[in-house]
Amino acid sequence: MSHPDPYGSTEPRGWDRPAPALPWPDTDLEPGPWRPAPAAPTHPTEPGGYARPGAAPDTYAAPDTYAGPDTYAGPYPNSGRRHDGPGRYDGPAAGDRGRPDGPERRGPWGEPARDDEYPTAQIAPVRDEPTDQIPAVRDEPEPEPPPGRRGRGRRRASAERPPTTTPTTSRAGRNLPAAIGVGVALGAAVVVPLFFFMPAFLAVLAAAVGIGIWEMARAVRRSGAHPPLAPLVAGGVITVGLAWFAGPDALCLGLLVTVLGTMIWRLGDGPGNYQRDLTAATLIAVYVPFLAGFAAMLAAAPGDGHLRVLVTLVAVVLSDTGGYAAGVSFGKHPMAPTISPKKSWEGFAGSVTAAAAGSAVLLWVLFDVAPWWGALFGMAISVSAVLGDLAESMIKRDLGVKDMSNLLPGHGGLMDRLDSILFAVPVAYLLLAVFVPVVS
């Protein structure tokens, strides 16, 4: 006997109907005829309803509709389910998957579906809302700081705290007051012992050579070379001393001893980068102590050694000063833009002119040399000084440094001041040996 259908149907339930033959072995389920669900009545404001596509505004479709005793019809197409028993459905249809208010979701074999299988199951339906109710976004000005507050990074000056000022730099890129002060101090450190106590000048020269070797060794380390510092400094001081006491032959001997000592010292660090380190050490030994040895020989000349050093230094200073003034005032054509962009041909002409004019007068007064020979001496010193400056600029460009060190404010390192002098003293030694023969 069939129980009456609680939903009003007189047709017996699925478990009381005779089971027809099925093409598959499972006889628990029977595919019934599919029929589309009738259109659900629209309700203006029914809670829980779903908007039906194409419906009039403010109308909603009923969430669930049963089309018959054995078919559950949802508001989506193809949502029919076969109802074969109390509380059992044959799985959600494709159109109803993910509905939050639908029946329990099951897999193809009747097992409960996982929530992560249907990630959109808990997402509320999207409804179109009118945009006229959204308040417009307006640009509001940034709030101004309260009065009496200063901006970030500013410091208020007072009687106890004067305003911060940046150092005054010239067109050549130097701090001019500091450069002048350091230059005067260096000149005094050279001239005073030169005229009052000659052995003190030798000590100043040896100290300058040691500092120059240290700056060069420190700079070449940027290229990966590591020349040994101790044998270079010791050999440089010995080279200058030998040139002072024994002349040109001893100067060459001192250079040879310095290079050999550096080679032997470097053997203790192993064969790695030996050739590179030795090349850098040889360059430093020739560039600093060997060229500085000519200054020692100039000063060691009997009778007028201090004057020989003086006229050489004055010619170098006049060359630098004349080149600086002419370059700042008239410089338009770069002399070597890839090596030293600030040097111009106008500055070079000013260097040669100033050194020639000053040397012509100075050699005529001090050594009774004809002015034209003095002018030639000044021109040669100026050219060699400019070449020395360019040579050091090329080394610094190759090493990627601006200055050899920050030892001297406004000048950089000591080698930045010795570069032109080191190239000028060998030329001065040779020319003065011709123009003013040494009196024994």
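**Salt bridges and a helix pair**

Hi everyone, let me start with lysine 396, which forms a salt bridge with glutamate 392, their closest N and O atoms being 4.0 Å apart; a salt bridge here is a side-chain nitrogen of Lys or Arg within 4 Å of a carboxyl oxygen of Asp or Glu. A word on the source: this is a predicted model, where local features need pLDDT of at least 70, side-chain atom pairs count only at pLDDT 80 or more, and totals for chains, interfaces and linings use all residues. Residues are numbered from 1 along each chain as its sequence is written, and side-chain values use heavy atoms, leaving out hydrogens and water.

Back to our pair. Both residues sit in helix α8 (residues 371–399), four residues apart, about one turn of the helix. Helices are DSSP runs (H or I, at least four residues), numbered from the N terminus. Lysine 396 counts as buried because its relative accessibility is 11%, and glutamate 392 is buried too, at 1%. The cut-offs are under 20% relative accessible area for buried, over 50% for exposed and partly exposed in between, with a 1.4 Å probe and protein chains only.

How many salt bridges does a search of the whole structure find? Six. Another one joins aspartate 277 to arginine 266, with the closest N and O atoms 2.8 Å apart. That pair links distant parts of the chain, with aspartate 277 in helix α5 and arginine 266 in helix α4 (residues 248–266), 11 residues apart. Aspartate 277 and arginine 266 are both buried.

Lysine 402 pairs with aspartate 403 at 3.9 Å between the closest N and O atoms. Here lysine 402 is exposed, at 66% relative accessibility. Thanks, everyone!

Methods
Helix = DSSP H or I, 4+ residues; strand = E, 2+ residues; numbered from the N terminus.
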